[in-house]
Amino acid sequence: MFKKILIANRGEIACRVMQTAHKLGIRCVAVYSEADANALHVSMADEAYCIGPAPSAESYLCGDKILEVAKQSGATAVHPGYGFLSENAGFVKACEDEGICFIGPPASAIEAMGSKSAAKTIMEKAGVPLVPGYHGDDQSPDLLKQSADQMGYPVLLKATAGGGGKGMRVVWAEKEFDEALSSAKREAVKGFGDERMLVEKYLTQPRHVEIQVFADHQGNAVYLFERDCSVQRRHQKVLEEAPAPGMTEQLRQQMGEAAVKAAQAINYVGAGTVEFLLDKGGSFYFMEMNTRLQVEHPVTELISGQDLVEWQLQVAAGNRLPLLQQDLRLKGHALEARIYAEDPDNDFLPVTGNLTYLRTPLESQHVRIDSGVREGDEVSVYYDPMIAKLIVWDQSRERALSRMSQALLEFRVAGMKTNTGFLKRLVDHPAFQRADLDTSFIDKHEAELFPSVDLQAQDNRNVAIAALFVLLKQRQSSAMAAQTSSDPYSPWFNLSGWRVNESNQQRVKLSVPNSEQPSIEVLAEQTSEGYLLRLVGEKMIVSGQLDQDRLIVKLNGHQTTVFVAESEGHITLFTEQGTREYIWYKPGLEEHAFEQDEGSLTAPMNGTIVAVLADPGTAVDTDQGLIVMEAMKMEYTIRAPTKGLVTEVFFKEGDLVDEGVQLVAFEADADADAKDGE
Ligand code: ADP
């Protein structure tokens, strides 16, 4: 076995590989970019070397620099993780030339599967069933179209060099073909420098079922069952499970054997995945083979009880597969949810930011977290926005689903948008619960999976909880200030709401980010039982205790616990129904970040104007949205401070604006101030 290996990757997979290597007593060398100097994978390693600036093309993709580090550090093998250099045949050859072991398949196998068309030709010869289509060398547009016409629409155009869902277009009818072909080619050239296309029959409701295979240098090959990865957004996986629901022993064996045949056809060695589309009738078709460890490998580990990274290390070191087919057993059910920094409400666009708050469920025999970040880390534009993988296991799918639902609630992130709420709605969805799966699942259930953000503003219960948090937080700060003051009994530290000539009342002003709804005012009156809150159309009695991020709430007699993160006026509530966000207009801090002084409607930070909501001459009400800008991939609505008239708008959609610049000129109504002060 190796004594020291280099991990040519970052993030969760680098940490994952190191965990197993350390378990086996192997020392680990990390490489990192300048942006990752303080990353978790660096601190976990026994040695680490900086290999260049943040962009991967100048660091994690530089095979020569990585091999230099391997030689310098005395590492005798390189684990590539997934992505980056993991399917780069040139890098594998360079490793061979330097006498360093590449922990993965031989260059020839990577090359054979590198082109989706060439892979299909090989599989066809090996007798593995294919999706009907054209994958030839002749790329004349007429021929491509002819083959589409012949097989009948819809068809799918795919870049032969493609990956990550790029360079793919569904063509629903003949008349759309030409345009789709040009646009798929443009994307393919941009993404892979190769415009070649294949045409496949587009299956409208297939499942994505893939088989984990493993082979050794001695000629043994096995399949470690299947994974169902049907739940996808933009043709990319978001939730995976093993085994595939409804799989019969017979079909498992057929698909498993076909996958092993595929691996053997290219003299495969190491871990690989053969991806199939499975139709309703139980027919399956080869799509592609990934010649590396997959992101979703943990679900296979949990149902097979095997450590696939350990298998990779054993095989790379020249040992036999730890188990043969007849020794492998499938037990229970596992699910993996990929937690991304992304905005499900904005076409799942990745977001960046600082993980100001990160709490995860306790790991146990049922819950596993593969992550490469800690609280305080940055999710930057340079790398994949995956924050972590949350993996659960239990005896049955039903029990695993409850575990996942609960674990998602306990996975709490603030500082950026994530998909945890979306994942929870997905897992709890009745159609997902009854395993009514196919690759269009998210589109099909759009209405329930994407509830309107404006509903949040009407959700009085959570507004009341957010208000209670603010009241208790203010009370705590006041108590702290009093403790450190020379006059702890000064009435100015009293936050009971006492004011000269006023009733015992406090106002809490909140709003829902990105909502078109005006801000919400909650009037709080302290009573012997807690606070009497007056919200839109409702009164509530709330009381509670705040211990750091844990808020015990008693609301109209019902007690619950919620967790709350607050950073610079951004409140994130983690409730049983999911995450709720509010902006708290802190008194005295109003101009900071979210709101502007009257008359100075300025940009809170550098960003881009995404919409102008009120043109010059428009009469507007207090809090009406005037202009929307986007900064750090978050949208901010600049609102009318009072009732008045928009006199000028200085920017249009798409303009870049600097922090502090005036966006809109506004004239308040003469009587607006008086009304506001009521
Ligand atoms: P990439 O390598 O870019 O990820 P894949 O070939 O693996 O592309 O396909 C990604 C996803 O696109 C699949 O998981 C599946 O959901 C969908 N897909 C691919 N081919 C077809 C097809 N012929 N019919 C229907 N859906 C398909």
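The ligand lies between domain 2 (132–201) and domain 3 (207–449), because both give residues to the shell around it; the domain bounds come from an automatic or database domain assignment. This is a predicted model, in which local features need pLDDT of at least 70, side-chain atom pairs count only at pLDDT 80 or more, and totals for chains, interfaces and linings use all residues. Residues are numbered from 1 along each chain as its sequence is written, and side-chain values use heavy atoms, with hydrogens and water left out.

The shell holds 22 residues, the closest being Lys116, Gly165, Glu200, His208 and Gln232; a residue belongs near the ligand if one of its heavy atoms lies within 4 Å of it. By class, eight of the shell residues are nonpolar, eight polar and six charged (Ala, Val, Leu, Ile, Met, Phe, Trp, Tyr, Cys and Pro count as nonpolar, Asp, Glu, Lys and Arg as charged, and the others, Gly among them, as polar). Strands S7 (155–159), S9 (197–201), S13 (270–278) and S14 (284–290) each supply at least two residues of the shell; strands are DSSP runs of E with at least two residues, helices runs of H or I with at least four, numbered from the N terminus.

Oxygen atoms of the ligand face several side chains. A polar atom of the Lys116 side chain is 2.6 Å from a ligand oxygen, an N or O atom in the side chain of Lys158 is 2.9 Å from one, and for Glu288 the distance is 2.8 Å. Taken alone, the ligand exposes 550 Å², of which the protein buries 95% (Shrake-Rupley areas, 1.4 Å probe).

The largest nonpolar core has 39 residues, and Ile5 and Phe214 have the most contacts inside it. Such a core is a set of buried Ala, Val, Leu, Ile, Met, Phe, Trp, Tyr and Cys residues joined through side-chain atoms within 4.5 Å, where buried means under 20% relative accessible area (1.4 Å probe, protein chains only). Among the elements that each supply at least two residues are strand S1 (4–7), helix H1 (11–23) and helix H10 (297–304). Helix H11 gives the most, with six residues. Domain 1 (4–103) and domain 3 (207–449) each contribute at least three residues to this core.

Seven of the eight residues of H10 are buried, so this helix is largely enclosed by the rest of the structure. Its buried residues include His297, Glu301 and Ser304. Gly305, which follows H10, has a positive phi, near 70°.

Arg580 sits in strand S31 (residues 578–584) and is buried, with a relative accessible area of 16%. Its side chain makes a polar contact of 3.4 Å with that of Asp459.

Definitions and conventions:
A polar contact is a pair of N or O atoms within 3.5 Å; within protein, one must be able to donate a hydrogen and the other to accept it, and residues adjacent in sequence count only if both atoms are side-chain atoms. Buried means under 20% relative accessible area, exposed over 50%, partly exposed in between (1.4 Å probe, protein chains only).
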